[in-house]
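Have the model open as you read.

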Amino acid sequence: MFAKIKTSLQLFRQALVGSATINYTQGSIGRATFLLSVPMILEMAMESVFAIVDIFFVAGLGAEAVATVGLTEAVISLLYAVAIGLSMAATALVARRIGEQNPAAAAIAAGQALWLGLIVSLLVGVAGFLFAERILLLMGASQSVVDTGAGYTRIMFSGAFTIVFLFLNNAIFRGAGDASIAMRALIIANGINIVLDPCLIYGWGPFPEMGITGAAVATNIGRGAGIAYQVYYLCANNRRIQLKLKDLVLRLATVWQLCRISVGGIAQYLIATASWVFLMRLVSMHSAEAVAGYTIAIRVILFVILPSWGLSNAVATLVGQNLGAGQPQRAEDTVWQVARYNLFYMGTVALLLIAFPAWVMSFFSEDPLVISNGVQSLRILSYGFVFLAIGSVVTQAFNGAGDTMTPTWMNILAFWVLQIPLAWTLSGFMGWGPEGVYWSVFIADAAMSLLATLVFLRGGWKLRYV
């Protein structure tokens, strides 16, 4: 028993430290999945910390400061969509080239992805710098919010490159199988942000008191440090991928290939985000307590499914590398094995949330109406976890194969053709209220999972070349 524990701890340490010598297209699928998914889970947890930390420290400045952060983040979510889409394309191309045992071609793909990241960063940065006040006004901000927060918004948009390149470089490392570097880059970025946030906001010690503007400066410095760490390893000569100056020579064919793949990734994120906003609008038509309960439930769910996302993201890398190595059957076997892991985890979490929703909600609110709405939401949404477990893995398998458009069309069908009309019908026309919205999410998740599985079984993704 102690030998097994020791072996498990050694494997966990290896996952955190990383290695440039691991071949994910050979050996145990379970071991490969573990080595990739552990750092990916921690990476995503670190990414979610950014927004929480900023809100936590800014809250002391008052409602106008918090409103500025919220409104700015709402607009920047569009940039996240572009960055995530580019990241999907970068991961797919780099993973395929690494699987083909062609690290030189993987470096070229990475170099071209950086060109796209630079173009997007410049466009967003210049627009945000020039029109910060107008962006806040268009989002419905009052003049007092604009006066208080324009500096924050201007700096956040001017530093768009830190968002884009942090996402993009980490996608390159994930595609290459160096997920531990991606994890450590975000730990560094978050650590610096956590230290600098209160110092620059409130003027602690030798630091100037910058108010809400200090939060933007701290965030960009933290992310910038993470990027510096990434660049060091991108150029190192002892990693899976080594970027050289010749790899940065513009190659339009590769750039176009990245653009074509990223369109689907961008669309996937925007479709899902837009549908969530619409559902929130339907819930808000009933009561503030329903909105509060639903919001808390969603945030709890987003936290507890982080391991599921880590497993799903690992699938994208493993599928890409195995297809590149000419092993489509191993790629398919990997998907089903990871789906079983994910099903076990998500099923366990679902049982806990279904059994103890009131206990979970009690940590966030004492209002009985908020708790009641949150309990109802948690229970119904948790019923769909078994479907979500399979659907998320299969969807990332398509993305890893470079087929980002298939999940996009499935998202449109599940979220906009089915979920939104059903939510409106059940909550309004049928008189179910917020409960109708929650059941529409469950039904859409089930339909999405079944559709994705059926399309996956057809096997067309195995023939996709990128």
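Is the crossing of helix 11 and helix 15 right-handed or left-handed? Right-handed is what the coordinates give for this pair, bearing in mind that the model is a predicted one. Helix 11 covers residues 288-304 and helix 15 covers residues 368-383, and the two pack at about 45 degrees with 7 Å between their axes. An angle under 35 degrees would count as roughly parallel, so helix 11 and helix 15 come out as oblique to each other. On the helix 11 side, the residues making the contact include Gly293, Tyr294, Ala297 and Ile301, and helix 15 brings in Asn373, Gly374, Ser377 and Leu381, among others. Sort the contact residues by type and you get 12 nonpolar, 4 polar and 1 charged.

Now move over to helix 4 (residues 103-130) and helix 7 (residues 160-176), whose axes sit 8 Å apart at an angle of about 160 degrees. Anything over 145 degrees counts as roughly antiparallel, and that is therefore the label for helix 4 and helix 7. Helix 4 passes helix 7 in a right-handed crossing. Among the residues in contact are Ala113, Gly117, Ser121 and Val124 from helix 4, with Phe161, Val164, Phe165 and Leu168 from helix 7.

One last stop: Thr254, which lies in helix 10 (residues 252-284). Is Thr254 buried or exposed? Its relative accessible area is 16%, so Thr254 counts as buried. Leaving aside residues up to four places away in sequence, Thr254 touches Ala109 and Gln112.

Technical notes:
Residues numbered from 1 in each chain as written. Predicted model: local features only at pLDDT ≥ 70, side-chain atom pairs only at ≥ 80, totals over all residues. Heavy atoms only, no water. Axes fitted to C-alpha atoms, helices over the stretch in contact; angles between N-to-C directions. Helix = DSSP H or I, 4+ residues; strand = E, 2+ residues; numbered from the N terminus. Parallel < 35°, antiparallel > 145°, perpendicular 65-115°, else oblique. Left-handed = near helix turned anticlockwise from the far one by under 90°. Contact = heavy atoms within 4.5 Å. Buried < 20%, exposed > 50% of the residue type's maximum accessible area, 1.4 Å probe, protein only. Nonpolar A, V, L, I, M, F, W, Y, C, P; charged D, E, K, R; others polar.
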